[in-house]
Amino acid sequence: MNCLTNEELQLFIDDELQQSKKEEFNLHLQECKSCAQRLKEQKEFIALIRSQINTDHPAVDMVPPFLGTEIKPVKRRKINVWLKVAAIILPLIVFYSIYSNREETTENKQFTITAEDIMQYEAYNTNIDANTACQQGMVITTVIDQEKEKVETTIN
Amino acid sequence: MQNFSELYQQYYSSVFSLSGKILNNRDDTADITQEVFIKLYQEINNNNIILYPKTWLYKVTVNKAINHLNRKKEFVQLEENDNLKKGADDCILDEIDQSTRSNILNNALDKLKPTEKVVIILYSDGLSYKEIAEVSGINLNTVGKLISRTFEKLKIILKDNKDELFD
């Protein structure tokens, strides 16, 4: 028979072979010096690894008390349906109020007259007498209010 | 109902030792051991019956330790080609002192794939092929082959490590 493969050698060492195979290998090992030498070396290597692994990590002498029961799992709190509804509605309300406030501010801003607005108005309105402001020390002008009506405004 | 305290007392040492061999770090070993027994505690509390506590504990330990290893680092993939054929006849650790030998072996084990490392550790722990298959989840028919190949791989890594050490 052929020489044993590494796997067959391992199975032979670990006694994991069928009886017939085992007898066959035994006969071969008696005749083949090379396989017999490999068997010897493999057994020594395994013994060395085994003893090294077990020496490096010996079993502990004292068992510490189990602390796992002190770790309580975090309970999931049930959230009330109304809280869930509120969680949806509240941001909507806040968003709406901010948005509408912003619009209002924009509208107010539209009718807050500044000197710049007036200058701009005057620049496009040829009916305004540019000297009026100089003569009276103020600016008299008209603007369109919210109701789309013209109103007179003065700025000193 | 199984008694948790009895199982804890009986198997703590084995679980700690197995976890230590895989992780090679004391803090991680303590954490994983604790996690394993918390899981056992929960199983027993939920009235789940564990038929073979030792196998169950080893399996959970191996799974948790491998997950931990996978999270922690990347493994060197050793080419399984011609290198496996060379130098396999040297008995590498023989003439080295204990602490150096220990370092070399631990480094070599760390270079194996998690499954390979676990199989060698379980084998060194004296588990049968059947037990190794059950605990590690690999096919029973491939246990012998995997052990044999991993030993050959280990020989190569050990030889390279030793060469590096004494160059």
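Helices are DSSP runs of H or I with at least four residues, strands are runs of E with at least two, and both are numbered from the N terminus. The model shown in these views is predicted.

**View 1. Asn47(B) in the loop between H2 and H3 of chain B.** Asn47(B) is not a glycine, yet its phi is positive, near 60°. Is this residue buried or exposed? Asn47(B) is exposed, because a residue with 12 or fewer other C-beta atoms within 10 Å counts as such, and Asn47(B) has 8.

**View 2. Asn24(B) in the loop between H1 and H2 of chain B.** Asn24(B) is a residue other than glycine with a positive phi, about 55°. With 17 other C-beta atoms within 10 Å, Asn24(B) is classed as partly exposed.

**View 3. Helix H5 of chain B, residues 114-124.** Of the 11 residues in this helix, eight are buried, so H5(B) is largely enclosed by the rest of the structure. Which residues of H5(B) are buried? They are Glu116(B), Lys117(B), Val118(B), Val119(B), Ile120(B), Ile121(B), Leu122(B) and Tyr123(B). Gly126(B), just after the helix, has a positive phi of about 90°.

**View 4. The largest nonpolar core.** This core holds 43 residues, and those touching the most other members are Val119(B), Leu122(B) and Ile132(B). Two or more core residues come from each of H3 of chain A and, in chain B, H1 (4-23), H2 (26-45), H3 (53-72), H4 (98-110), H5, H6 (129-136) and H7 (143-166). H7(B) gives the largest share, eight residues.

**View 5. Surroundings of Leu122(B).** Residues up to four places away in sequence are left out of this view. Which residues does Leu122(B) then touch? The contacts are Leu127(B), Ile132(B), Val135(B) and Ser136(B). One of these, Ile132(B), is listed with Leu122(B) among the core residues that touch the most other members.

**View 6. A second, separate core.** Six residues make up this core, including Leu4(A), Leu9(A), Leu11(A) and Phe12(A).

**View 7. The contact between chain A and chain B.** Chain A contributes 25 residues to the contact and chain B contributes 29. On the side of chain A that touches chain B, H1 and H3 (33-56) of chain A each supply at least two residues. Which helix gives the largest share of that side? H3(A) does, with 10 residues. By class, the side of chain A comprises 11 nonpolar, seven polar and seven charged residues.

View 8. Chain A contains six helices and two strands, in the order α-α-α-α-α-α-β-β from the N terminus. Of its 156 residues, 9% count as buried. Among contacts in chain A with a separation of 6 or more, 33% join residues 24 or more positions apart. The mean pLDDT of chain A is 78, and 67% of the residues score at least 70. Where in chain A is confidence lowest, and where is it highest? The lowest mean, 61, belongs to H6 (residues 130-136) of chain A, and the highest, 93, to H1 (residues 6-13) of chain A.

Technical notes:
Residues are numbered from 1 along each chain as its sequence is written. Chains are lettered from A and ligands numbered from 1 in the order in which they are written. This is a predicted model: local features need pLDDT of at least 70, side-chain atom pairs count only at pLDDT 80 or more; totals for chains, interfaces and linings use all residues. pLDDT is the predictor's confidence in each residue, from 0 to 100. A residue is buried if 20 or more other C-beta atoms lie within 10 Å of its own, exposed if 12 or fewer, and partly exposed in between; C-beta atoms are placed from the backbone. Two residues are in contact if their C-beta atoms, placed from the backbone, lie within 7 Å. Ala, Val, Leu, Ile, Met, Phe, Trp, Tyr, Cys and Pro count as nonpolar, Asp, Glu, Lys and Arg as charged, and the others, Gly among them, as polar. A nonpolar core is a set of buried Ala, Val, Leu, Ile, Met, Phe, Trp, Tyr and Cys residues joined through C-beta atoms within 7 Å.
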